[in-house]
Amino acid sequence: MIRTDGNGNSVVHVATGEQYDVTIGKGLIGRVASFVPSLEKVSRVAVVTDDVVEGLFLGDVTDGLKRAGFEVSAFAFPAGEPSKNIHTFAAVLEHLAEHRMTRNDMVVALGGGVVGDVAGFAAASYMRGCPYVQVPTTMLAAVDSSVGGKTAINLQAGKNLAGAFYQPSAVVCDIDCIAALPSGEFANGMAESLKYGVLCDAGLFDDLGDNPRDHLQELIARCVNIKRRYVEADEHEGGLRKFLNLGHTFGHAIEKCSGYAVPHGSAVAIGMVMAARVSASRVMADQALVDRLARALESAGLPTSTDIPAEELAWAAQSDKKRSGDTVTFVLPKTIGNCELVDVGVAELGGVFETACQK
Ligand SMILES: NC(=O)c1ccc[n+]([C@@H]2O[C@H](COP(=O)([O-])OP(=O)(O)OC[C@H]3O[C@@H](n4cnc5c(N)ncnc54)[C@H](O)[C@@H]3O)[C@@H](O)[C@H]2O)c1
Ligand SMILES: O=C(O)C(=O)C[C@@H](O)[C@H](O)[C@H](O)COP(=O)(O)O
Ligand SMILES: [Zn+2]
């Protein structure tokens, strides 16, 4: 459910084991503390960010936290997916220890999905878990990565191979930050937003095509509310939550094989079109679905194909986390608004990727 608070912010309550609110509105960046419950035991706050977001919003966030009475430290690492590794993770942990953070003190993840995943995993691990707050500044982080408690880093073998399920204490999304995003980064967030439409909401899929930057608060709240439903029903991904991986088995392989030159949102966009092609080849969907999905993604400024050879992608997909024994789970769209989980044998992966890559 989406409610509106007294100040016009949209609020989505996430009722996982640890419950929290996602608050979406204007001008929130300097008031993060006012959206976090139970702060009485917190005295120190460590803001983790990247070196692009540092120059944009770190001052506002730290000033607000200091005004609220906290001792504040900051740690910024180089922006981008290549930083989502064990060295950055270790450096964040060392920062928390050097600043004498206790298990009651709080981490603030200020930035996009990379910051959220690394800082969230550090919060999950530091002293076996300290509270953290997600402050998403990209569209992708606003609609997806800041909600649901998946945290992770990449290993040499692939994407998100080490991590934890660890819910934040609050998510505070200032749409003024999202409005300031360059178009390429906004587009990456549109891929995950359109994903929700393909999964379960054809109306959202259409509405996202209608000048989304003019309706940011409403659209972000609708996306978060959809993610909430999957996460509440299946917090640790035993079944239903697997649907949120639409486009990701292909997408993670594209990211890895490109040396992370293809950003996550763009890889998911290509991956969703690949999934639709595989659906069509199995007569689960028609070609019109492939074309409609590709058109929507292209209109949002996203790529829909890659030149990486199918066999390289199939090889990378074998180390995907969604592999279980000798099968890999794919999410295949049937219509806009309806998808199915399909297990594919590892021996069939080559053929699936050949089909997926046919333009
Ligand atoms: N945990 C989850 O559930 C989940 C879900 C989806 C994606 N992810 C992960 O999220 C990551 C992708 O996140 P992303 O797309 O936000 O990438 P990102 O964190 O790398 O951010 C993209 C770029 O935008 C910059 N930036 C951030 N906010 C900005 C702003 N307001 N204005 C200008 N520049 C800004 C960043 O510095 C960075 O250079 C991937 O690692 C992906 O695996 C996780
Ligand atoms: O929250 C989820 O569940 C998701 O799958 C959201 C995805 O968009 C996200 O990219 C996630 O990190 C992928 O999950 P993974 O378990 O395959 O790493
Ligand atoms: Zn994703």
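The shell around ligand 2 holds two nonpolar, four polar and six charged residues; here Ala, Val, Leu, Ile, Met, Phe, Trp, Tyr, Cys and Pro count as nonpolar, Asp, Glu, Lys and Arg as charged, and the others, Gly among them, as polar. Among the residues surrounding ligand 2 are Asp144, Lys150, Glu237, Arg241 and His248; a residue is near a molecule if its C-beta atom, placed from the backbone, lies within 6 Å of it.

This is a predicted model, in which local features need pLDDT of at least 70, side-chain atom pairs count only at pLDDT 80 or more, and totals for chains, interfaces and linings use all residues. Residues are numbered from 1 along each chain as its sequence is written, while chains are lettered from A and ligands numbered from 1 in the order in which they are written.

Let us step back to the domains. The protein divides into domain 1 (2-181) and domain 2 (184-357), with bounds from an automatic or database domain assignment. Each of them gives at least three residues to the shell around ligand 2. Between the domains, 32 residues of domain 1 are in contact with 32 of domain 2, meaning C-beta atoms, placed from the backbone, within 7 Å.

Two helices pack on a sheet, as listed here; helices (H or I, at least four residues) and strands (E, at least two) are DSSP runs, numbered from the N terminus. Angles run from 0 to 180 degrees between N-to-C directions, with axes fitted to C-alpha atoms, for helices over the stretch in contact.

| α3 (113-125) | β4, β6, β7 | about 170 degrees with β6 |

Key: Two residues are in contact if their C-beta atoms, placed from the backbone, lie within 7 Å.
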